[in-house]
Structures are given as structure tokens and as C-alpha cells.
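Hi everyone, thanks for coming. Let's walk through a structure that may be new to you, so please have the picture ready.

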Amino acid sequence: MLDLQTLVLNADYRPLSYNPLSLWSWKDAFTALFLDRVTLVASYDVEARSPSRSLRVPSVVALKSYVAMARSPAFTRYNIYLRDTFSCQYCGLRLPSGGLTFDHVVPRSRGGQSSWENVVAACSPCNLRKANRTPEEAEMPLLNEPRRPSRHELHRRQPEFDHRQYHHTWVDYLYWDSELET
């Protein structure tokens, strides 16, 4: 029970965030419930006990007040990898996030910024080979031009959720905008 997490939904019953998924510890969810900041949507089949009460642990809660979503996604390492489909933008090798680095297309030492338009996912060998050069100087053309993605684009690129790792009460809220089979 110590590692149970609670899926947090906005007031419109959509996840607050997909990248990363908006999760709270079950203890934080209990606190928010007692402070009347969230509505209980679903529970685990596990109870937490105090000397005077016994309550089921929340698996899904929804905020009572709507939180406006940022227009553009956060500039994070994970979101860069997600935008680039976990693939090196020089050789195309697809790797898990632990096998990727990020590369400044125009090196920082040459005035390149840490921005959506200047950072790409790269495997270590390509990153080392490119070194402190531009792709043209290194004769390593980019497979895709780096750009700022939309929240919707990153959500579409989110790897398929492994149903076994998420509680069954979460599924309806994670796939609310998925295309239905006919």
C-alpha cells in the first residue's frame, strides 16, 4: 500500500498532465479529500485505517476547481525525447530514454540556445561524433527539424500505456479522447 498512487484529474475529468502523468501519493490524495479540494472518483480495494476510521484508498480524484492548462508543453528532457519519438535525430536509432542524450544543434559555445528549436534527441555515439560542430560541419544532417510541439502532438506520441502497470480504474480517464473502434 505504501507505493499506491492516485491519478489526478482536472475539474473536467481529464488528466492534469499526460507528460508526465499527473499522479499524487495516496496520502496527498487523502489530505486533498479532507480539505475538500478534490472529489473522489474511484478507490482501490485497500483500506487505510486510523484509530477511529477506516477508508478506502483513492485511486482517482478530480479537482473541484478547474486548472487552466499551459498552452505549450514544458521544455523537459522527456518531452524532447517524446517529440523525437525516442529516436536519434542523426542516425534514426530508436532507444529507451536512458539510452538517449540531447544535443544542441547549434552548440551552446557558439551561441546556441537551450530551446525547442535548437535541441534534439541523440544517441551517445552521434552526439560524440558531432561534438562542438553544427550538423552541416559534421556532415550529419538532421532527420527532422527541431520545433516546438503542441500538447496534443506530445499526447499522441505518448507510448502506449501498459495496462498491467495502471489500475483498472484509471483506464477510462486516460483514454477518453482515443478513437473508438467501429
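**A walk from the inside out**

Let's begin with β1: 4 of its 5 residues are buried, so this strand is largely enclosed by the rest of the structure. Please keep in mind that we are looking at a predicted model.

Which strands does β1 pair with? One partner is β2, joined to β1 by 3 bridges in the antiparallel sense. Within that pairing, you can find Gln-5 opposite Ser-25 of β2. The other partner I'd like to show you is β4, which runs parallel to β1 and is also joined by 3 bridges. Here Leu-7 stands opposite Val-60 in β4. As a reminder, side chains in a regular strand alternate between the two faces of the sheet.

Now, hold on to Leu-7 and Val-60, please. Both belong to the largest nonpolar core, which has 15 residues. Along with Leu-21, Trp-26, Val-57 and Trp-170, they touch the most other members of that core. Where do the core residues come from?

Let's zoom in on Leu-21. Setting aside neighbours within four places in sequence, Leu-21 is in contact with Leu-7, Pro-15, Tyr-166, Trp-170 and Leu-174. There is also another core, lying apart from the largest one. That other core has 10 residues, including Val-120, Cys-123, Met-140 and Leu-142.

Which of its residues are buried? They are Trp-26, Ala-29, Phe-30 and Ala-32. Looking down the axis of α1, you'd see the buried residues fall within an arc of 165°, so they line one face of the helix. What covers them? The cover includes β1, β2, β3 and β4. On the face turned away from the buried side, α1 carries the exposed residues Lys-27 and Phe-34. And just after α1 ends, Asp-36 takes a positive phi of about 60°.

**Charged pairs**

Let's move on to the charged side chains. In general, side chains of opposite charge can pair when their charged atoms come close. In this model, the count comes to 8 salt bridges.

Arg-56 and Asp-45 meet through their side chains in a salt bridge, at 2.7 Å from N to O. Arg-56 lies in strand β4 and Asp-45 in strand β3, so this pair ties together parts that are 11 residues apart in sequence.

Arg-147 is partly exposed, with a relative accessible area of 42%. Glu-153, by contrast, has 6% relative accessibility and counts as buried.

Notes:
Residues numbered from 1 in each chain as written. Predicted model: local features only at pLDDT ≥ 70, side-chain atom pairs only at ≥ 80, totals over all residues. Heavy atoms only, no water. Salt bridge = Lys/Arg side-chain N within 4 Å of Asp/Glu carboxyl O. Helix = DSSP H or I, 4+ residues; strand = E, 2+ residues; numbered from the N terminus. Buried < 20%, exposed > 50% of the residue type's maximum accessible area, 1.4 Å probe, protein only. Core = buried A, V, L, I, M, F, W, Y, C linked by side-chain atoms within 4.5 Å. Contact = heavy atoms within 4.5 Å. Arc of directions from axis to C-beta. Pairing = 2+ DSSP bridges.
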